[in-house]
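Please look over the sequence and the model below before reading on. The paragraphs that follow go through the fold, the cores, the sheet and a few single residues.

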Amino acid sequence: MAPTAAVAGGGVEAEALLGLLQRVQSEALRAFGPNDFDPKLYVDLPLAADASAAAALASLPRAAPSRGEMEAYISRYFALAGSDLVAAADPPDFERDPPGFLPRVERAEARAWALEVHALWKDLTRRVAPAVAARPDRHTLLPLPGRVVVPGSRFREVYYWDSYWVVRSVPYTLHLRIHP
């Protein structure tokens, strides 16, 4: 079975990666404690090396690994969260000063704020890194063909439902802000 089909179809490679990420998440919770633990982080970590990460995890102490041991393990065997997406060129339809409703906004502060929000589209536009297609067995992200918009902050990947609501909420948010 091809790696892409295995990951997309839930094959052995996908199950192994997901099992490893679940164990890493459990060990990280034990090592960092509930106050310094972000469960979202670990599912976004692409493997930096082959399956040796699983063997190395098994060699960690059975008692809760220390914070230092866990940090060293993660930095050695995983790439940074979000590194499977890279900045994309500006969206082809992006206009710095969009025509339409914005010139009709009378309050200068509201217009300036709307332009700041509009400019975020450039910062949130990504494309899938070539490494994802080359080694899909190391990623939880599917290799997507075009540009995507990410929610931002600690949400570094594209999520269909989030993307839908981001697009739907921008005109509503602007309407609230412009017409208090």
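Which residues have the most contacts inside the largest nonpolar core? They are L20, V24, Y42, M70, Y73, I74 and F78, in a core of 21 residues. A nonpolar core here is a set of buried Ala, Val, Leu, Ile, Met, Phe, Trp, Tyr and Cys residues joined through side-chain atoms within 4.5 Å. Buried means under 20% relative accessible area, exposed means over 50%, and partly exposed lies in between, with a 1.4 Å probe and protein chains only.

Some ground rules come before the details. This is a predicted model, in which local features need pLDDT of at least 70 and side-chain atom pairs count only at pLDDT 80 or more, while totals for chains, interfaces and linings use all residues. Residues are numbered from 1 along each chain as its sequence is written, and side-chain values use heavy atoms, with hydrogens and water left out.

The chain has eight helices and three strands. These are DSSP runs numbered from the N terminus: helices are H or I of at least four residues, and strands are E of at least two. Along the sequence the pattern reads α-α-α-α-α-β-α-β-α-β-α. Of the 180 residues in the chain, 33% are buried. Contact means heavy atoms within 4.5 Å; of the contacts with a separation of 6 or more, 71% are between residues 24 or more positions apart. The chain exposes about 10,900 Å², and carbon and sulfur atoms supply 60% of that area. Accessible areas come from the Shrake-Rupley method with a 1.4 Å probe, and for residues only the protein chains shown count as cover.

In soluble globular proteins, nonpolar side chains tend to be buried together. The largest nonpolar core of this model has 21 residues, and the elements that give two or more residues to this core are α2 (12-32), α4 (52-58) and α5 (67-77). Helix α2 gives the most, with seven residues. L20 shows how the parts meet: leaving aside its neighbours within four places in sequence, L20 is in contact with L47, A53, A54, L57, Y73 and F78. A second, separate core has seven residues, including L85, L124, V128 and V132.

Helix α5 can be read by its faces. Its buried residues are M70, Y73, I74 and Y77. Seen down the axis of α5, these buried residues fall within an arc of 95 degrees, so they line one face of the helix; the arc is that of the directions from the helix axis to the C-beta atoms. The face of α5 turned away from the buried side carries the exposed residues S75 and R76.

The three strands form an open sheet in the order β1-β2-β3, with antiparallel pairing. The edge strands, each pairing on one side only, are β1 (85-87) and β3 (148-149). Two strands pair if DSSP finds at least two bridges between them. Three bridges join β1 to β2, and A87 stands opposite R126 in β2. Strand β2 (residues 125-128) and β3 pair over two bridges. On that side, T125 has V149 in β3 as its bridge partner, and R126 stands opposite V148 in β3. Helix α6 (residues 108-124) packs on the sheet, touching β2 and β3, and its direction makes about 15 degrees with that of β2. For such angles, axes are lines fitted to C-alpha atoms, for helices over the stretch in contact, and angles run from 0 to 180 degrees between N-to-C directions.

Three single residues complete the tour. A88 is found in the loop between β1 and α6 and counts as buried at 13% relative accessibility. Not counting residues up to four places away in sequence, A88 touches T125, R126, R127 and R147. A88 and V128 are 40 residues apart in sequence, and their C-alpha atoms are 8.9 Å apart. H118 lies in helix α6 and is buried, with a relative accessible area of 18%. Not counting residues up to four places away in sequence, H118 touches F94, E95, R96 and P98. P39 lies in helix α3 (residues 39-43) and is partly exposed, with a relative accessible area of 39%. P39 and L29 are 10 residues apart in sequence and 8.1 Å apart in space, C-alpha to C-alpha.
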